[in-house]
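Please look over the sequence and the model before reading on.

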Amino acid sequence: MRRWSAIRHKLEEDYLAEALRGHIQYFVTSYSYSPDHEGRAAIRLDGKEILSGNYWNQWYKAHLYPHDEKYEYRMKYEMPFMDDVAMDLGLFDQRCFYRAFEEFDNQSIEESLASENLLIKVLALLDRRIGKRRLVKMKSEMETEPVVIQMFYAIRMEAEGIG
């Protein structure tokens, strides 16, 4: 696995849209005093965490998952299924973020935008390979996207100066 500093550099310097540079920061940490070195991950906008999750939420909030058709799939995997419920509850940690980055880094932007993993979709929305025309074309499909995706889309649109 790559070092966090290299991943962060790639996300904030190579992939991040020019309009968002200096405004979006990615944060990941592992707690060395924790017996299993678990940690947390966050995305910050101008220093304020707008999306965050940590390992302990997976245990303390797991009972909040709705018992819907995705429940068994969510519980089957060590890493929670990154859907809107997991994002809203902050049920992801640094390992989920690392996995999302690895997948994002090794596939096309189209595959990332179509991913079921919302962390990957967020990374794609903030990516420089999505231009202004494409952002405008995506507007109608945003109405059906989860709230977290709509939020990052709005952040990107505002940064690009698109109304």
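The paragraphs below take up confidence, then the strands, then the helices.

This is a predicted model, in which local features need pLDDT of at least 70 and side-chain atom pairs count only at pLDDT 80 or more, while totals for chains, interfaces and linings use all residues. Residues are numbered from 1 along each chain as its sequence is written, and side-chain values use heavy atoms, with hydrogens and water left out.

The predictor's confidence in each residue is its pLDDT, on a scale from 0 to 100. For the chain the mean is 86, and 83% of the residues reach 70 or more. Helices (H or I, at least four residues) and strands (E, at least two) are DSSP runs, numbered from the N terminus. Among the elements of the chain, the lowest mean pLDDT, 63, belongs to helix H2 (residues 55-60), and the highest, 97, to helix H6 (residues 109-113). Where pLDDT is low, the predicted coordinates should not be read in detail.

Strands count as paired if DSSP finds at least two bridges between them. Strand S1 (residues 24-30) runs antiparallel to S2 and is joined to it by 7 bridges; in this pairing Ser30 stands opposite Gly39 of S2. S2 and S3 form a hairpin with 2 residues between them, and Asp46 in the turn has a positive phi of about 50 degrees.

How enclosed is strand S2 by the rest of the structure? Of the 7 residues of S2 (residues 39-45), 5 are buried, so the strand is largely enclosed. Buried means under 20% relative accessible area, with exposed over 50% and partly exposed in between (1.4 Å probe, protein chains only).

Helix H1 (residues 4-15) packs with helix H5 (residues 94-105) at an angle of about 50 degrees, their axes 12 Å apart. H1 is therefore oblique to H5. Axes are lines fitted to C-alpha atoms, for helices over the stretch in contact, and angles run from 0 to 180 degrees between N-to-C directions. Angles under 35 degrees count as roughly parallel, over 145 as roughly antiparallel, 65 to 115 as roughly perpendicular and the rest as oblique.

Helix H10 (residues 147-160) has 14 residues, which at 1.5 Å a residue should span 20 Å; its end C-alpha atoms are 20 Å apart, in agreement. The expected span is 1.5 Å times one less than the number of residues. Buried residues in H10 include Val148, Phe152 and Met157. Just after H10, Gly161 takes a positive phi of about 75 degrees.
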